[in-house]
Each structure stands twice: as structure tokens, then as C-alpha cells.
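I opened this model to look up a few side chains and the elements they sit in, and I kept notes as I went.

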Amino acid sequence: MRADRVIALLLLLHARGRLTASELAERLEVSRRTVYRDIDALGAAGVPIHTGPGPSGGIQLMEGWRTDLTGLTAPEVEALFTSAPGPVFESAMGKLAASLPGERGRRAGRIRERLLVDSAGWGRRAAPSPHLRVVQDAVFGDRRLHLEYRRAEAQVVERDVDPLGLIIKAGMWYLLADVAGARRLFRLSRIESARAIDEAARRPKHFDLAKAWREVSKSWESGRAGFEVMLRVQRQEDLPLVIRVSGERVVGKPRNRIVRLAFPALEPAAAFLSSFGAMVEVIRPREVRAELARRGAGLVELYGREAKASGGRRKERAKLADKGVQTRQADALGHRRRDTIGWG
């Protein structure tokens, strides 16, 4: 007799009330004979189980009897507290619902069958970070981490961090950590590599993750408007696209193709605006114009030689084509002359 199966059977009866042997066998993925054997074992252990024959019969616990067992495994507990989707999370939620007494357990079961929460957006969904497990283990085990992190402007930096907690915001994972005494937020999708360091993480005494997250969120929200950029959209037909792509960065109402966008700093502003190419022109501040000019010059230098070489090859092909045309014209003229003179 497997203890986990018997516990699951007990919790099913507790949550659902009356079930037939066939229903229990289907849910537990065993035979009816095994179900009856487990029922006998529970009865012998003093659990008050009643069985009734016929269509209206079934197996049920004595009215008012309950158990505090949930049978949650360590991975199921972790899945519950990290909201990690998948079979383990579903198994944990089922056991948790089954542990609720009477009508509350049945209501929880109905909710699970009728409500699905999917926090990911439409369209192409980003794959989960391959470094989530390493980061989770460091957070839960209070170990320091060495990260290679790709910043918003694509620069990769290395950091030794003291992890404080993980946050899921709108389907996106974030790591809150201390770096050399300063609090920093890392998006897991930008972590290029993560390695646990054999050192205990320094965690502030009485640290409150929820409070720290509220402070970081408030600081980020206020900082978003700390660096404002004014730009002109070159063509009216491109204005809706610029506004749609800019999303929450748009400040106020655009007028006469003039749009104001808010960023936390210069580098994220330049990185975002460069994606529009010549579709927009930055009016101010000057440092954004200068940064965009620097990036543009770098692109010209990188691709300019290839463009010149390609242009030279096109000119050479054009010359050869012209020579070919001239040769064919000369041949045609020669044929006409021979026809006139009567050569051949």
C-alpha cells in the first residue's frame, strides 16, 4: 500500500464527498480492486469510511470527520510559492483544494475547473530564463551570485550580487539584489550567465521583500519621467505607429507630430529611439541627439566599407554591361554592312 496514494484517496473523499470506486480508480490511475484494498486499509486504521452499493451508492467519509493532511511534496510547495506553471503546480493546487473542508473544498475544485490565469501576453512568448533554477537556488539558499548581465543598451556587465528575492511582474521574472551596498533590479531574461558563489549572501536584518519591491517600483515609476525627450515624427502617417510602439513612454498629447517620451536615463532613450531610424528626429535634449549621431556614425563606419565595395562592383558590372551592348551594336552594324556590300 503506497502512503501517497492512500493520502490522495483520503483527500479526494474529503473534498468531493461521495465518489464511486470507478471514479476513484480513474483519478488515482489504479484498478478498482486496488481502491477497495486501500479503503479496507483505511478502515482498519480507524478512518470512518462508509460504502454503499447501487447507482446512488458510493464511498464517503463519515459526516464531520476531517484530516489536516495535505500530502504536499517539497517540489509542490516550491511550485505553489513561485507560481510556476506545470504539472507539479497543478498537483499542488489539487492537494491544497482537497485539504479544504466541506463546501469550501468543493468550491475550490469548481474554481480550478472553471478559471485559468495566464499572465503572458499575446503573440510570441519569451522562453523562460535558462538561469531561473540557478537564481532560485541561490535566493532560497542564501548564496551569493556571479552574474553576466546585458543592460538595456546591450552592454554586458559582470556583477557579484547578494540576492534578496524574486518577483514576477506581468509574467516577467525579476531578481532584487544588493550590489556593493546598492539595491539593484535585474530582469532574468537579460542574464547571460549565472553562477552560485560559495559565500553566504548578506541579507539585511528584518528584510521585507514586499516593502522593498514597493519602494523600487515607486522609484522606477517616478524615474521614468526623469528624462524627457521631445521628437518630431517626419510623416503624419507614421505618427500612430510611433505612439503605439512607445506605449507608456508617451507624455501628454502629441501635437503637430511633436511627441514627448519619458525614459529613466540617456542610454535607454537612445537605444529605443535608434530603432525608429529616420522616421523621427529628436528635437531635445542635445545629449540624445549627440548619442544618436555617435551611434549612426558607428553604423556608417561598420557598413560603409562594404557599401563602397558593393558600389564599386555595381559600377564595374555596369561598365561591362555597356561594353557588351557596344560590342553587340558593332556586330549588328558589321552584319548590316556585309549585307549591303554583299560580303560572304
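**Entry 1: a salt bridge between strands**

I began with arginine 144, which is buried (under 20% relative accessible area, with over 50% called exposed and partly exposed in between, for a 1.4 Å probe and protein chains only), its relative accessible area being 10%. I noted that this is a predicted model, in which local features need pLDDT of at least 70 and side-chain atom pairs count only at pLDDT 80 or more, while totals for chains, interfaces and linings use all residues. Residues are numbered from 1 along each chain as its sequence is written, and side-chain values use heavy atoms, with hydrogens and water left out.

I then looked for the partner of arginine 144 and found a salt bridge with glutamate 199, where the closest N and O atoms are 3.3 Å apart; the term stands for a side-chain nitrogen of Lys or Arg within 4 Å of a carboxyl oxygen of Asp or Glu. This pair links distant parts of the chain, since glutamate 199 belongs to strand β7 and arginine 144 to strand β3, 55 residues apart. Helices (H or I, at least four residues) and strands (E, at least two) are DSSP runs, numbered from the N terminus. Glutamate 199 is partly exposed, at 37% relative accessible area.

**Entry 2: the strands around it**

I followed β3 (residues 143-150) and saw that it pairs with β7 (residues 191-200) in the antiparallel sense over 6 bridges, where pairing requires that DSSP finds at least two bridges between two strands. Strand β4 (residues 156-169) also runs antiparallel to β3, joined to it by 6 bridges. Tyrosine 149 stands opposite isoleucine 191 in β7, and tyrosine 149 also stands opposite valine 157 in β4.

**Entry 3: glutamate 291 in helix α11**

Which side chain meets glutamate 291 in a salt bridge at 2.6 Å, N to O? I found arginine 294 there, and both residues lie in helix α11, 3 residues apart, about one turn of the helix. Arginine 295 also forms a salt bridge with glutamate 291, with the closest N and O atoms 3.0 Å apart, and this pair is 4 residues apart in α11. An α-helix has 3.6 residues a turn, so residues three or four places apart point the same way. Glutamate 291 is buried, at 14% relative accessible area, whereas arginine 294 is exposed at 54% and arginine 295 is partly exposed at 21%.
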